Amino acid sequence: MPLATAAEFPFHDGHEAHTPDWDRHCTAIQDLGLSREQRDAVSIINRQYRKKIIDCYQACMLKRIEFRALLRSSDADEKMIMDLSKTHSKIRDQLYSLIVEYQIRIRQTLTPDQRRNWCTMMGDSGSHSGW
């Protein structure tokens, strides 16, 4: 089995541009010095979660766009807006759960030293970084 490439670590590309100052000194997973076994495990986890996370993220963004349009619509009533808001929230919660689950699985493959230096997907709670 070939070694995992940077392309197989899809959720950490370009982390410097989206990382808050306090977390800029973390290390992307492909640069943590993973063993062959760790790279293989991360590659499998990425294959299991990549499509799920991307699909859920896209669904969340579409609902967000729909929600904005509905707020501006003169035909929308409060119930329609609240229903769509609840739908959007459920999808956003699913996305968050998938991301946490993914990171827990990745975390299980890392040593304690690697965990301390790892750039996770969770950014500063006041920004959209890391997502």
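**Exercise 1.** Which backbone nitrogen does the side chain of Gln-38 reach?

*Solution.* Start with the ground rules. This is a predicted model, where local features need pLDDT of at least 70, side-chain atom pairs count only at pLDDT 80 or more, and totals for chains, interfaces and linings use all residues. Residues are numbered from 1 along each chain as its sequence is written, and side-chain values use heavy atoms, without hydrogens and water.

Now locate the residue: Gln-38 lies in helix H2. Its side chain reaches the backbone nitrogen of Ser-35 at 2.8 Å. The side chain of Gln-38 also makes a polar contact of 2.6 Å with that of Gln-114 (a pair of N or O atoms within 3.5 Å, one able to donate a hydrogen and the other to accept it; residues adjacent in sequence count only if both atoms are side-chain atoms).

**Exercise 2.** Decide whether Gln-38 counts as buried or exposed.

*Solution.* Take the cut-offs: buried is under 20% relative accessible area, exposed over 50%, partly exposed in between, with a 1.4 Å probe and protein chains only. Gln-38 counts as buried because its relative accessibility is 10%. Then list its contacts (heavy atoms within 4.5 Å). Beyond four places in sequence, they include Thr-109, Leu-110 and Gln-114.

**Exercise 3.** Describe helix H2.

*Solution.* Helices are DSSP runs of H or I with at least four residues, numbered from the N terminus. H2 covers residues 36-72 and spans 53 Å from first C-alpha to last.

Key: Helices (H or I, at least four residues) and strands (E, at least two) are DSSP runs, numbered from the N terminus. The expected span of a helix is 1.5 Å times one less than its number of residues.
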